[in-house]
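Notebook open, structure loaded. I want to look up the metal site, then the aromatic rings.

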Amino acid sequence: MSKFYITNAIPYVNAKPHLGHALELVQTDTIARYHRSVLEDETFFLFGTDENALKNVQSAEEAGEDVKSFVDRHVQIFRDLTKKLNISNDDFIRTTEQRNIDGTQKLWKACDANGDIYTKNYKGLYCVPCEAFYTEKDLVNGLCPEHKKKPEIVEEENYFFKLSKYQDQLLKLIESDELKITPETKKNEVTKFIKSGLEDISISRSRERAKNWGISVPGDDNQIIYVWIDALSNYINALDYGTNGSKFKKWWETDKSYKIHAIGKGIARFHAIYWPAMLLSAGVKIPNEILIHGYITIEGEKISKTLGNVIDPLEPIGKYGLDPVRYYLLRDIPSTGDGDFSYSRLEKRYTGDLANNLGNLVSRVAKLIDSKLTKKLDYRNKFASKRVLNEIEKTQTVYHRKIAQFKLNEALSAIWMLLTFPNGYIDQKKPWKTIDDDPNEFLRTITSITRLIIEVSYLLEPFIPETAEKIQKIFNLKDKIKKWEGTSIIVGGIKPLFPRLEK
Ligand SMILES: [Zn+2]
């Protein structure tokens with residue numbers, strides 16, 4: 001596949017971002033960077049904000065602020081976070097933008113034209129934080145499973161979408177992996193839910209209940225489109241679906257582009273069921289894959305305002321630097337499962353994996369080259385040890401497989417396995433001895449290890465891009481070496497990659 005389109009879920013902007021947002025952004029960014037720079041796919045990475053939700057209105061009211069200015073202020077904080085996390089998104093969409101309004105109404109009209117929208121008097125259990133109706137069987141002890149809150153009873157005439165009509169088609173698409181859901185455990189949960197029977201869903205609410213905030217139903221100003229529709233359709237609206245623009249044709253309506261949504265487990269149903277059903281109804285292509293990550297806890301506790309354990313991602317970044325935080329989140333938290341954030345483990349990773357292992361190896365080898373080597377390094381395969389080249393290749397194979405399976409943490413552990421290899425190799429080869437007795441053997445040892453370090457820097461680029469770049473600078477690399485032939489390089493300046501933590 002030569003084109004790759006990836007989206008991050010769009011958060012509500014009713015509060016400041018927390019570590020869970022940072023985790024998702026960093027994961028999505030890693031996959032986007034992997035496709036862009038390692039596989040060299042033409043890549044488009046989208047992020048944005050969900051602004052039409054009732055939650056935003058309520059939080060603005062609580063803050064005593066006008067909704068528009070409340071939302072604008074919070075959007076900026078999310079935009080700033082992407083810069084602080086070095087997120088490589090190509091576009092940022094706000095669901096209040098005209099392109100999102102146009103696209104949402106167009107999608108509505110297309111579903112309507114297909115006979116899938118009708119009105120019905122409805123009485124249901126509504127969870128405001130979820131912006132979703134639940135049936136009794138969805139609730140746990142009468143409470144929303146996500147928020148542990150009692151849903152409100154809401155009664156009004158709404159527009160409905162014929163979700164039930166798409167039950168068999170969705171099941172087939174998901175079971176055959178035509179719409180792939182990763183990990184498998186989530187796929188099973190989704191198929192189980194579909195098999196239990198899909199009911200039609202309410203897709204609008206009264207202007208009054210929506211507090212006059214949101215996108216109008218085409219042709220009916222008294223009703224506002226259910227927020228999930230305009231939130232989900234951001235994925236195509238950013239590509240100018242509303243105006244049938246060239247980006248939409250290039251990135252969405254083609255089989256040449258692999259389309260993937262990265263999301264948290266709480267919104268799996270919306271993405272794996274509602275969204276593809278509406279696309280099928282509207283005659284628009286469906287995404288290829290949905291990646292579902294777990295939740296992050298803080299020192300063993302769920303992130304919650306009441307517990308007061310909400311960590312601003314900027315806090316650990318300020319203390320340890322960006323790449324150590326990116327590394328920690330990607331390495332310590334299993335990509336598809338729940339994981340815990342703890343400062344003590346972050347420090348362990350910093351000192352153990354980054355400073356003592358990667359950092360030490362790079363400076364040890366760079367200093368050897370800088371102080372002992374009299375000629376330039378030659379990277380031709382014939383000058384490198386077969387054993388080392390084999391180790392590199394073995395790691396690359398595992399690395400690609402793990403990323404394709406959305407096991408980013410395991411891709412990183414494969415790289416760190418490779419990083420343990422040079423220590424034994426150096427001790428065995430004793431370059432400080434061979435430098436005088438056997439200069440060719442010395443050169444071979446140094447060449448092989450440097451080659452390993454450079455290859456590691458390429459593998460690390462999607463995960464910790466600044467560190468990868470620093471390593472490449474130390475070895476004076478300007479461009480990626482594509483063929484390891486005849487390239488000679490010398491060492492640039494040597495500064496420790498990860499300075500010792502001050503106690
Ligand atoms: Zn809820």
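Predicted model: local features only at pLDDT ≥ 70, side-chain atom pairs only at ≥ 80, totals over all residues.

Are Cys127 and Cys144 buried or exposed? I checked, and both Cys127 and Cys144 are buried.

**Zinc site**

I looked up what holds the zinc ion. The donors are Cys127 (SG), Cys130 (SG), Cys144 (SG) and His147 (ND1), at 2.1 to 2.3 Å. The angles subtended by the 4 donor atoms run from 95 to 118°, so I put the arrangement down as tetrahedral. Along the chain, the donors of the zinc ion are spaced as C-x2-C-x13-C-x2-H. Cys127 and Cys144 link distant parts of the chain, 17 residues apart. I find Cys127 in strand β4 (residues 117–127), while Cys144 belongs to the loop between β5 (132–134) and β6 (152–161).

**Aromatic pairs**

Next I searched the whole structure for aromatic pairs and got 25. I picked Phe270 and Tyr274: with ring centres 5.3 Å apart and planes at 90°, the pair is edge-to-face. Where do Phe270 and Tyr274 sit? They are both in helix α10 (residues 268–282), and because they are 4 residues apart there, about one helical turn separates them. Phe270 is buried at 7% relative accessible area, and Tyr274 also counts as buried, with 11% relative accessibility.

I then went to Tyr327 and Trp416, an aromatic pair that comes out as tilted, with 4.7 Å centre to centre and 45° between the planes. Tyr327 lies in helix α12 (residues 322–332) and Trp416 in helix α15 (residues 408–429), so this pair ties together parts 89 residues apart in sequence. I looked up burial here too: the relative accessible area of Tyr327 is 1%, which makes Tyr327 buried. Trp416 counts as buried as well, at 5% relative accessibility.

**Cluster and charges over rings**

Which residues form one aromatic cluster with Trp252? I listed Tyr5, Phe44, Tyr235, Trp251 and Trp275 alongside Trp252. The ring of Trp252 turned up again in my search for charges: the charged end of Lys259 sits over that ring, 5.8 Å from its centre. I also noted Lys120, which lies over the face of Phe160 at 4.6 Å from the ring centre.

Methods:
Residues numbered from 1 in each chain as written. Heavy atoms only, no water. Phe/Tyr/Trp six-rings, centres within 6.5 Å; stacked < 30°, edge-to-face > 60°. Helix = DSSP H or I, 4+ residues; strand = E, 2+ residues; numbered from the N terminus. Buried < 20%, exposed > 50% of the residue type's maximum accessible area, 1.4 Å probe, protein only. Lys NZ or Arg CZ within 6 Å of the ring centre and 35° of its normal. Donors = N, O, S within 2.8 Å, 3.2 Å for Na, K, Ca; no water. Tetrahedral: all angles 85-135°; square planar, octahedral: opposite > 155°, others 65-115°.
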